[in-house]
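Good morning, and thank you for coming.

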Amino acid sequence: MPLKLILEGKRCLLVDDFSEFRYSVKKMLQSLGASDVDDTGDGDEAIDKIALKSYDLILCDYNLGENKRDGQQILEEAKHKEILKYSAIFIMITAENTMRMVMGAMEYKPDDYLTKPFTKEALLARLEKIMEKKNDFATIDKALARKDYHSALKMCNDKIQSKPKNLYELLKLKAELSITVGDYPEAESIYNQIVNIRRLPWALLGLGKALFLSTKHMEAKEIFLEIIDENRSFVEAYDWLAKVLEALGDSKEAQRMLMRALELSPKAILRQKALADLAYKNNDLATAENSYKQAVDLGKNSCFKSAKDYTGLAQVMLDKKTPEKALKVLQDSKTIFTNDRESTLQATLMQGLAHKELGNEADLKSSIEEANSLFSGMKGTVNSVASLDIAGSFFKLGEADKANQIMQDVIRNNHDNEKVLKKAQEVFTSADMQTEGERMIAATKREIIKVNNDGVMLVKNGKLAEAIDFFSKAASGLPENKIINANAAQAMLMYMQKFGKTDKHVNQVQRYLDQIRKVDPTYKKYQELVAVYKKLTEA
Amino acid sequence: MDIEQRNIDFATIIASAVHDMKNSLSMLLNYLDDVVDYFKEIDVPEAVQLTHLHYEAKRVNNNLIQLLSLYRLDKSMYSLNITYNSINELFNDLVIQNKTMLDYKNISVETECEDDLFWFFDLDMISGVLNSTMNNSFRYTKSKLRLVAEVEDGYLKISIEDDGGGYPKNLIDATSNHREKSIDFTSGSTGLGLFFAEIVADYHTNKDKRGYINLCNTCSLGGGCFSLYLP
C-alpha cells in the first residue's frame, strides 16, 4: 500500500552511528516522499550540517558512541546557538522507552521520542501527529521564539475557549507560561484542575513547582514524594524535591535526592553542577570534587560548559590542601574562557591563593597585580554571588580596600536579602573583620532605606512623574535590589493607572519584573505586582 | 581472597537477547517491505504470498516486544506514559497498520465509536495490546472484525469482535473474575498476548480503580469478543 507522501519537499537530516540503521531509515523517509535526506554518524558533523542548511526534520539517535557528543547535546547546541528554526521537528531516537522520563529535566526538549526499532507505518503515524500539533501551536511557538510570553498566554486562552482536542497540552503550556511570568496562583489552579481529573505525573510536577514557588514547602514536598513513589525514573521530581528539602533546611537529604537522580541520568551536566555546589555546602568534599570533575568533563561537549565548574573544582582542591592540582585546573579555565573577564578574574584570584599556600611570593605578587588590572576594567557587571567570592579572595590575598569596595556594592544591591547579607557577613568574619562587616551592613541598609523612603514619599505626595524618574535612576544603579525594582515597577503601574498605559512604560515594568524574578522568584511583593500588571495589560 | 560466585540473572540475559532479536527482526521486516514493493513494481503476482511471511514475522516481533515490555515492567524500568488520546485516531491507526493483512485475508473491518471520545492511557502500550489481539483474530475470524469503544460505568471499554468460532471455555472462565490476575500462564492454557493484555490493563489505575480484560462469545458478530476496560 502506498504511504502518504508527507515529507515531500522537506529537508531531512538523519543522525545515527550505525550505517545499516541509517540506510533503513533513509529508505523509510524516501517512501514518505522525502528526496532531500542528509545523514551522518557523527555529532559534530551533525551540528555543522544544521548550521549550514535549514532542516525541516531531524531524526537523531540519542546514543552516538562512547565519549562522543550525544543526541541531547546536539539538540541543546542547535537550540542554544539558535541555528534550528522554530518550525523544525526534532525527534530523538532511543533504545529505551523510559528515556522521556529520564531526560525530563532538560532545558531543551525534542518534539518527541521514538523507540528503536520502528516501522515506516509507525514513523508516519508519529510524524502526522507531530505535524498536526506543530501546526496547531505555530502562532504560539512564534510568540515563544521571541520570548513574548504574555501574547502566547493570550493565544493559549483563546484556543482553550474552543475546547479543542489538544486541550490538555494547551492547559499544560498555559500553566508553564503562568509560572514563567510569575503568576503562580494561576498555575496552581490549572494544575489542580487537571490533577482532580487525573493524577498525571507532569501535572503533579507542575503543581509541586507552583506550590514551591509560592513557598508552600510542606505541600510541595508531599507532591514530589507522591510522584517519585509512583514513577521512580521521573528525575525532574528529584530535582524539585531537592530544592524543597534545601529550602526546609535539610541539605543533606537534598544532596541524597540529587545523587539518586544522577544515578538515573549521569550525563545531566546542570544536575552535576547543582550536586557539586550542594555537596560543597555540606562539606562533602569528595562528592563535590567528583561532581565538579564530571561537570568539567561533560562541559567539553556541551553548550552548558562554564568557568564556575573549574573554579568550583579548584576551590575544593584548595580546601583539600592540594594547591598544585588547583593551579592546573585554573590554568585550563583561563585557556578555555580567555574572553570571559569575570571568570579570568576569579581564576587569577584563586591562582593567587594557591601560590600563597605554596609560599611562592613572586607568583603571588604577579597574580594580585593581574587581578587588580582585570578588576579595574570591569566594574558593575558581576552578580552578587560571584562578587562575594571575588571579594573573599581579595580579602584572603590582603587586598582589603578592593574587597571592601566590592562588599559595599553587594550590600547596596541586597540590603533586604537576608540570605546574601548572611553570606556577606560570613565573608567578613572569615577575613577577621566581623565588626567592620556588621557596621558596613547596618550603614548601607540605612542608606538604601532612606533612598527608598524618599521615593515612596514622592509617590505618597502624588508626584508620580518625579517618583518614576527617581526610582528609574535608583534601579539602574541597583539592578539586583528587589525592593527598589519593585517600587520602580509599582510607581510606573500607578502612573499608568492614572494617566493611561503606553508601550514604553509597559515594557519598562516588564523589565523590572524580570529583574526581580531573576533575583527572587518567590518574593511576595513580586506576586502582587504581577497581578496588577496582568490586570492592566489585559484591560 | 573470596571466591566470587558467578551470578547469572537469567531474566536479564533473555531480555538482552530478545532486544537483539527484535532489532534484527525489524531490519528483516523493513527489507521485506522493500522486496514486496519492488515485486509489485515489476508486477510479480506471487508478491502477495509474501504478505503471509510478513504476517508471521510481525507476530514474532509483537511477541518479542511484549516480552521485553513485561521484563521492563517487572524490573520497574518502565513507567506508564499516560496521555489523553482520541479513540477514533487509535482505531484508524490500527486499521491502517493491519490493512495489508486484512486485504490479503479478505476480512472487512467496521469501527464504532463517538467522534469526540477521548481517554487517558499509555498509547504505546494500549496500541500494542490491541494490535496483537487483532493479529490473533486474523487466525480465527471468518470474514469480519468489529472495533467498538464506549464508556461504561467509569471505564473506557474497547472491544474487538470477530465472526469466528469464539474463545474456548477455559479462557473465558479464566478472565471472568477480573479483580484478580487470573490467566494461568504456567499451565500453558493461553498465549502470551492475553497475559500481556491483562498486565497492561492492570497497570492502568485511576484513583481506586484498576483496568482489566474480559473474554466472551456473546457478541453481535457471533464469534469471540475481547474487551479491554480502562478506568
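By contact I mean heavy atoms within 4.5 Å. This is a predicted model, in which local features need pLDDT of at least 70 and side-chain atom pairs count only at pLDDT 80 or more, while totals for chains, interfaces and linings use all residues; side-chain values use heavy atoms, with hydrogens and water left out. Residues are numbered from 1 along each chain as its sequence is written, and chains are lettered from A and ligands numbered from 1 in the order in which they are written.

Let me begin with chain B. B:Leu73 is found in helix α2 (residues 50-74) of chain B; helices here are DSSP runs of H or I with at least four residues, strands are runs of E with at least two, and both are numbered from the N terminus. At 5% relative accessibility, B:Leu73 counts as buried, a term that stands for under 20% relative accessible area, with exposed meaning over 50% and partly exposed in between, for a 1.4 Å probe and protein chains only. Leaving aside neighbours within four places in sequence, B:Leu73 is in contact with B:Tyr78, B:Met125, B:Ile199 and B:Tyr203. From B:Leu73 to B:Phe10 there are 63 residues in sequence and 16 Å in space, C-alpha to C-alpha.

With neighbours within four places in sequence set aside, its contacts are B:Lys58, B:Asn131, B:Met134, B:Asn135 and B:Phe138.

I turn to chain A and its sheet. This open sheet has five strands in the order β2-β1-β3-β4-β5, with parallel pairing; two strands pair if DSSP finds at least two bridges between them. At the edges are β2 (36-40) and β5 (112-115) of chain A, each pairing on one side only. Strand β1 (residues 11-15) of chain A is joined to β2(A) by five bridges, and the two run parallel. A:Leu14 stands opposite A:Asp39 in β2(A).

Next, two helices of chain A. Helix α11 (residues 217-230) of chain A has 14 residues. Its buried residues are A:His217, A:Ala220, A:Ile223, A:Phe224, A:Ile227 and A:Ile228. They cover an arc of only 135 degrees around the axis, which puts them on the same side of α11(A); the arc is that of the directions from the helix axis to the C-beta atoms. The face turned away from the buried side of α11(A) carries the exposed residues A:Asp229 and A:Glu230. Against the buried residues of α11(A) pack α10 (201-213), α12 (235-247) and α13 (251-264) of chain A.

In α14(A), the buried residues include A:Ile269, A:Arg271, A:Gln272 and A:Lys273. Their cover includes α12, α13, α15 (285-299) and α16 (307-319) of chain A. Just after α14(A), A:Asn283 takes a positive phi of about 65 degrees.

Finally, the cysteines. How many disulfides does the structure hold over all chains? There are zero, a disulfide being a pair of cysteine sulfur atoms within 2.5 Å. For B:Cys225, the closest cysteine sulfur is in B:Cys216, at 4.2 Å, too far for a bond. The sulfur of A:Cys303 is 14 Å from its closest cysteine sulfur, in A:Cys60, also too far for a bond. A:Cys303 counts as buried at 17% relative accessibility, and B:Cys225 counts as buried at 5%.

Terms used. The expected span of a helix is 1.5 Å times one less than its number of residues.
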